[in-house]
Amino acid sequence: RCKNLSVSFWNSYWMLPSDVCGMNCFWEAAFRYDYMKTHPSEKMHLAVVACGERLEETVTMLRSAIIFSIKPLHFHIFAEDQLHESFKDILDEFPYEGKINYTLYPITFPSESAAEWKKLFKPCASQRLFLPLILKNVDSLLYVDTDILFLRPVDDIWSFLGKFNSTQIAAMAPEHEEPRIGWYNRFARHPYYGATGINSGVMLMNMTRIRRKYFKNDMTPVRLQWGEILMPLLKKYKLNITWGDQDLLNIMFFHNPESLYVFPCQWNYRPDHCIYGSNCRTAEEEGIFILHGNRGVYHDDKQPTFRAVYEAIKNYSFGDDLVHSLLQPLEQELQKTTHTYCGRVYKVFIKQLTKSVRDLYARRSKG
């Protein structure tokens, strides 16, 4: 089995092209390794909100997080009551006892405005806005949408917390790389962060800083804390926002740009990055780190490249050989998608995944 191969043989057997990682990538990797080395026992906290038919998608996301991650993970799963038993039955069967813990929570909003928050954009989506107020004992948190897939260890994005400067409280990726196809800069009727806005599908938060911060705003000269600013923002802009809670976050960081750390597009790679032509340069150079299959592309035939990655991770059995049970079948499926724009760049979908598998087996070889 490949997990028993020596590191030297593994590297020659599944060696990545020499140009996969340039010097910038090298130093980023060195920094993340140093951060993990100096925070060895730190538990990573990952939150997700699941409603409706999102059980399978959420479980597949959690599986992707487990496969490659190094440090222990604690999942905070906010779900409708009828999903709790199913989550428990599935998660209790996951291997890696001691590495994985989870807590299930009901969907909760402030009682005086619960109905308004629940119907904002998609059901339950705005739950993410209240995580700093609900998880009061959690210092830092990675929130992801259910349609996220990790193609490298969660540890690597978690280590960005160590790169925050003294004013930064959260990290997100831009909504678009190419302004000509950007939504916010062409259609938004409210303030938004930067040139093209930010996407909240992957959001790394220092929740202690969020709870302490007083935010500048356009409603009052007095700065407001997180729990004080949400409802006034909704009341002011609810007739002008299209994407719900993501729009509110854009407004908030427009007025407080010093508070946001922006990470590159390969940490939140969506169909928009390839369906109009490849426009995420860092993914072309280094591969996709986190795949975001928004607009339901994992479950229809519109973007078969995204669906192929989703199906491969969903069907992988823990403990099976990753090369023969995941990588090779996935590459065969991806090669069938070259008639699509995203399929033309299918190698970016497997480049980082290949490296993650190689690194995992190298760690196992070292014991």
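Modeller: Start with helix α10, residues 226-237. It has 12 residues and reaches 17 Å from its first C-alpha to its last. That is close to the 16 Å expected at 1.5 Å a residue; the expected span is 1.5 Å times one less than the number of residues. Helices here are DSSP runs of H or I with at least four residues, strands are runs of E with at least two, and both are numbered from the N terminus.

This is a predicted model, where local features need pLDDT of at least 70, side-chain atom pairs count only at pLDDT 80 or more, and totals for chains, interfaces and linings use all residues. Residues are numbered from 1 along each chain as its sequence is written, and side-chain values use heavy atoms, leaving out hydrogens and water.

Now the cover. In α10, Trp226, Ile229, Leu230, Met231, Leu233, Leu234 and Tyr237 are buried. Buried means under 20% relative accessible area, exposed over 50%, and partly exposed in between, with a 1.4 Å probe and protein chains only. The elements over these residues include α5 (114-118), α6 (131-134), α9 (207-212) and α11 (245-255). Contact means heavy atoms within 4.5 Å.

Take α11 next. Of its 11 residues, 10 are buried, so α11 is largely enclosed by the rest of the structure.

Strand β1 (residues 44-50) is another enclosed element: seven of its seven residues are buried, so the rest of the structure largely encloses it. Met44, Leu46, Val48 and Ala50 point one way; His45, Ala47 and Val49 point the other. β1 runs parallel to β2 (residues 73-79), joined by seven bridges. Two strands pair if DSSP finds at least two bridges between them. Met44 stands opposite Leu73 in β2.

Helix α3 (residues 55-68) holds Thr60. Thr60 is buried, with a relative accessible area of 1%. Leaving out residues up to four places away in sequence, Thr60 touches Leu149, Tyr310, Ile313 and Lys314.

Then the rings. The structure holds 19 aromatic pairs. Rings of Phe, Tyr and Trp (its six-membered ring) pair if their centres lie within 6.5 Å; planes under 30 degrees apart are stacked, over 60 edge-to-face, the rest tilted. Phe94 and Phe318 have centres 5.4 Å apart and planes at 75 degrees, so this pair is edge-to-face. Phe94 lies in the loop between α4 (84-91) and β3 (100-105), and Phe318 in the loop between α13 (304-315) and α14 (322-334), so the pair ties together parts 224 residues apart in sequence. Both Phe94 and Phe318 are buried. The charged end of Arg63 sits over the ring of Phe318, 4.7 Å from its centre. That requires NZ of Lys or CZ of Arg within 6 Å of the ring centre and within 35 degrees of the ring normal.

Finally, the whole chain. It has 16 helices and nine strands. Buried residues make up 56% of its 367 residues.
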